[in-house]
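User: I'm new to this one and would like a close look at a single part. Could you walk me through the aromatic rings and what surrounds them?

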Amino acid sequence: MSLLRHPYKGLTIAWLILVVATLVGWALSETGHNVTGGLPLATAGVIVTGFIKVWLVGFEFMELRHAPRWLRHGFDLWVVVISITLIILALGVYPTAPVSP
């Protein structure tokens, strides 16, 4: 039986995507440390790949694919909002109060 005709084909493909996303996150973190000024962008890239993995685990392994529409879209919204929030915080765009001596 071919791997692509296996009943767990979706899970296998999801697992392969998770492995590739992990390698991409690792490569981004290594690049960020080696390139001057690349750390914020590498951090954002690692956050994005991490949340792609979170979404994929929720959708495929936690079976949100078959969940009611409100739950599926609620999870999508949560992933987008939290990842954007973390990227903003990581890039330092979020205004912070000045530190008094």
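**A look at the rings and the surface**

Leu-16 has a relative accessible area of 42%, so this residue counts as partly exposed. Keep in mind that the model is predicted. Leu-16 sits in helix H1 and belongs to a nonpolar surface patch of about 670 Å², together with Trp-15, Val-19, Leu-23, Val-57, Phe-61 and Met-62. Helix H1 (9-34) and helix H2 (39-61) each put in at least two residues, with H1 giving the most, four residues.

Now for the rings. Searching the whole structure turns up three aromatic pairs. In one of them, Phe-51 and Trp-78 have ring centres 6.2 Å apart and planes at 55°, so the pair is tilted. Phe-51 is in helix H2 and Trp-78 in helix H3, so this pair ties together parts that are 27 residues apart in sequence.

Phe-75 is buried, with a relative accessible area of 18%. Put together, ring pairs link Phe-51, Phe-75 and Trp-78 into a cluster.

Terms used:
Residues numbered from 1 in each chain as written. Predicted model: local features only at pLDDT ≥ 70, side-chain atom pairs only at ≥ 80, totals over all residues. Heavy atoms only, no water. Patch = residues over 30% accessible without salt bridge, like charges linked within 9 Å, V, L, I, M, F, W, Y side chains within 5 Å. Areas by Shrake-Rupley, 256 points an atom, 1.4 Å probe, with all protein chains shown as cover. Salt bridge = Lys/Arg side-chain N within 4 Å of Asp/Glu carboxyl O. Buried < 20%, exposed > 50% of the residue type's maximum accessible area, 1.4 Å probe, protein only. Phe/Tyr/Trp six-rings, centres within 6.5 Å; stacked < 30°, edge-to-face > 60°.
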